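Hello,

Here is the structure I promised to pass on to you. Please have a look at it first, and then read my notes below.

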Amino acid sequence: MTAWLKGGIMALGAACVLLLAGGFPLMGAPGVYGGGAMLVLGVLSILLCLAGGWRLVPGHRVQLVVGLVFLFFTVTGLVMLFQYGARAVEYAGIGGPMWAGAVGMGCVALTGVVFMAVFGFLCYRVMNHRVLWLAGLHWAVALLGIGAFVDAAYEVRISVSLPADARTELTELRAEDGRVFPLGFRLRVDEFVVQHYDDATYALYTFENGRPGPMQAVERRGDTLHLGDESWPLSSLKKAPGMPHPFLMLPGNPARVLVQNPGTVRDYCAHIVAFTDHRGRPETHRAELRVNAPFACKDWRFSLSSYRGEGEQAQVLLQARRAPGRFAALCGMVGIIICTAVWCWWRKEEPQP
């Protein structure tokens, strides 16, 4: 066993110990993963991966670098195909004048196919040894670590609330420590839509001395609501400004009100608009912001966290994140997946006599 392999095994063992320590309830994960031991271990792992990839391919190092460049452009073509192909399908579904945009996006998607074919073939011809993919795996792990370190040092994560009034615009972010980060564009929420399951319930409140009394559950039978000998058509419940849910004021004394309680939330999304510029030319981007479907503009990514209220009174809770190491980390993760798969499935080479 070489000294490099011993060092790698020791680093791997230390990483396992720290990962287990992150679950310890006294310090918790943030205290362990952001501590000096993890930082030192991360730097050591990156250096070991770089050195390991370098030592694995003596005499083929230029070939490794060129092959990884070809692999990057191959994956770029795949991303172009999916991104612009999806946009072409979206524009084609709208129809009308958007067909021109669909054709343009389809042409860009075909450019991605050309990228995949040309650079994929070149990558296959250059990375023609199994050990080259193993070395590429080492460097991909190092690239992932570098991206994680850059994010740990320079990442900005800020929570912000915006009303869904189609008027209020977000132009800057203010951190808890008072720092102000200009966005470089304007962002607003035009509409917030909440979808519910069809399991709404109904209740009747009787007002006594100006205050609602105990709630009485109302049964729904088809399109009719029933309570004892009384019944009301479901269509008689109406919405009104300032009232979050449909209701019906019943005549008589004391006053009574029939209220619909909303069903379980099935989905919610925010229709957002970003006003930005590209090379001095103004641009407008519209998107649906959903959970696990963030919106990116320039260096910022906005994720939908939660909301308060519904309709025009809704307050949309967003999380803004600027992560300069994200691109390097993503490239490292994709490289790990591809290099691991090819290294595992590449035919084993016969040793030279």
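At what angle do H4 and helix H5 pack, and how far apart are their axes? Before the answer, please keep in mind that this is a predicted model.

If you take the contacts between residues at least 6 apart in sequence, 59% of them join residues at least 24 apart.

Now to the helix pair. H4 covers residues 61–94, and H5 covers residues 98–126. They pack at an angle of about 160 degrees, and their axes are 7 Å apart. Angles over 145 degrees count as roughly antiparallel, so H4 is roughly antiparallel to H5. The crossing of H4 with H5 is left-handed. In the contact between these two helices, 24 residues are nonpolar, 10 are polar and 1 is charged.

Is Thr74 buried or exposed? Its relative accessibility is 17%, and buried means under 20%, so Thr74 counts as buried.

Which residues does Thr74 touch, leaving aside those up to four places away in sequence? They are Phe115, Met116, Phe119, Gly120 and Cys123. With Gly120 there is a polar pairing to look at: a polar atom of the Thr74 side chain lies 3.1 Å from the backbone nitrogen of Gly120.

Notes: Residues are numbered from 1 along each chain as its sequence is written. This is a predicted model: local features need pLDDT of at least 70, side-chain atom pairs count only at pLDDT 80 or more; totals for chains, interfaces and linings use all residues. Side-chain values use heavy atoms; hydrogens and water are left out. Helices (H or I, at least four residues) and strands (E, at least two) are DSSP runs, numbered from the N terminus. Buried means under 20% relative accessible area, exposed over 50%, partly exposed in between (1.4 Å probe, protein chains only). A polar contact is a pair of N or O atoms within 3.5 Å; within protein, one must be able to donate a hydrogen and the other to accept it, and residues adjacent in sequence count only if both atoms are side-chain atoms. Contact means heavy atoms within 4.5 Å. Axes are lines fitted to C-alpha atoms, for helices over the stretch in contact, and angles run from 0 to 180 degrees between N-to-C directions. Angles under 35 degrees count as roughly parallel, over 145 as roughly antiparallel, 65 to 115 as roughly perpendicular and the rest as oblique. A crossing is left-handed if the near helix is turned anticlockwise from the far one by less than a right angle, and right-handed if clockwise. Ala, Val, Leu, Ile, Met, Phe, Trp, Tyr, Cys and Pro count as nonpolar, Asp, Glu, Lys and Arg as charged, and the others, Gly among them, as polar.
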